[in-house]
Amino acid sequence: IQQLLADFFGLKVSLGAIVDMQARVTSAMAPAVDELRAEMHRTTAPTGMDETGWRQAGERRWLWIAITDALALFAVRDSRGGKVVQELVGDEAGGRVIVTDRWSAYHQVPLARRQFCWSHLLRDFLKMADAPDEEAKRLGSGLFQLGTQMFRWWHQVRAGDLTRKGFRDLLKPLKAWVVACLHRGAACAHAKTAGTCRELLKKQVAMWTFARVEGVEPTNNHTERALRSAVIWRKISLGTQSDTGARFVERILSIATSLQRQGRSVYDFLFDTVQARFSASRSPPSLLP
């Protein structure tokens, strides 16, 4: 940034001044992100959640995301536990469906309002298929084929070539086959396969929420895509060095990702945000669509 300001504008700015400017922009972004956080508690829109590793001054942190079709809320926290889930989506998760992997932090969300990510499930089934146990291999391969067939039908639904009712009718026998395989897997001699199958049998309702509730996707892929740029940023920058830096990261990511999902200009929004910060007569812009 220092070099860019010198080359393009002939400005000599110290590194300390750049950090001070960043802190002022962080403060300017706060009202928009506070409004976004309140909306994320209220919304009933299906919400994807995920978390990835982060570093702060060399110590372990976690970068969290809660995302809907139009909004994305990021947070850098020192916990990977359920308290961050409550912080991002509220104690009752707003009555919406939450799409996640099977990490324990999300267990507080009622199973009837959870959707397990089928991309993760397919990876688990492939691990079963790679197990040294022959029974686990057969079960993993069979479950993977059933999941792949489900996705073929789901893509037809999204393309308008298959109705949701038709999809649910096709899904009934497939679900029965999946449950039968899981029961066999729960009795398998391969301990890891048996454990995964027993867990899925207890929580199988969360595998099929997308078929029951319109607007819910069977995967959390869009959430992982939204995290990807942040992961690349972390690898390049090695994370943050302070809580001030962490607040900048989570706010700029929340604003940029939300605006990109709405097709709005990030630059224009930040320009208006900073203008409002220094003008008593201007209100800060809103991230809400």
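This is a predicted model: local features need pLDDT of at least 70, side-chain atom pairs count only at pLDDT 80 or more; totals for chains, interfaces and linings use all residues.
Figure 1. The chain is built from 11 helices and five strands, and its C-alpha atoms fill a box of roughly 70 × 40 × 35 Å along the principal axes. Of the 289 residues, 46% are buried, while carbon and sulfur atoms contribute 55% of an accessible surface that comes to about 14600 Å².

**Figure 2. The largest nonpolar core.** This core has 33 residues, and those with the most contacts inside it are W118, M150, F167 and M207. Two or more residues each come from α4, α5 (134-159), α6 (164-186), α7 and α8 (209-212), with α5 giving the most, namely eight residues. A second, separate core of 26 residues includes M40, Y106, F248 and L259.

**Figure 3. Surroundings of W118.** When its neighbours within four places in sequence are left aside, W118 is in contact with F125, G147, M150, F151, M207, W208, F210, P218 and T219; among these partners, M150 and M207 are also listed with W118 as residues with the most contacts inside the largest nonpolar core.

**Figure 4. The crossing of helices α4 and α7.** The axes of α4 (residues 118-129) and α7 (residues 191-202) come within 10 Å and cross at roughly 150°, in a left-handed arrangement. Helix α4 makes the contact through L121, F125 and M128, and α7 through T193, T196, C197 and L200, so that, sorted by class, the contact has five nonpolar, two polar and no charged residues.

Methods: Residues are numbered from 1 along each chain as its sequence is written. Side-chain values use heavy atoms; hydrogens and water are left out. Axes are lines fitted to C-alpha atoms, for helices over the stretch in contact, and angles run from 0 to 180 degrees between N-to-C directions. Helices (H or I, at least four residues) and strands (E, at least two) are DSSP runs, numbered from the N terminus. A crossing is left-handed if the near helix is turned anticlockwise from the far one by less than a right angle, and right-handed if clockwise. Contact means heavy atoms within 4.5 Å. Buried means under 20% relative accessible area, exposed over 50%, partly exposed in between (1.4 Å probe, protein chains only). Accessible areas come from the Shrake-Rupley method with a 1.4 Å probe; for residues, only the protein chains shown count as cover. A nonpolar core is a set of buried Ala, Val, Leu, Ile, Met, Phe, Trp, Tyr and Cys residues joined through side-chain atoms within 4.5 Å.
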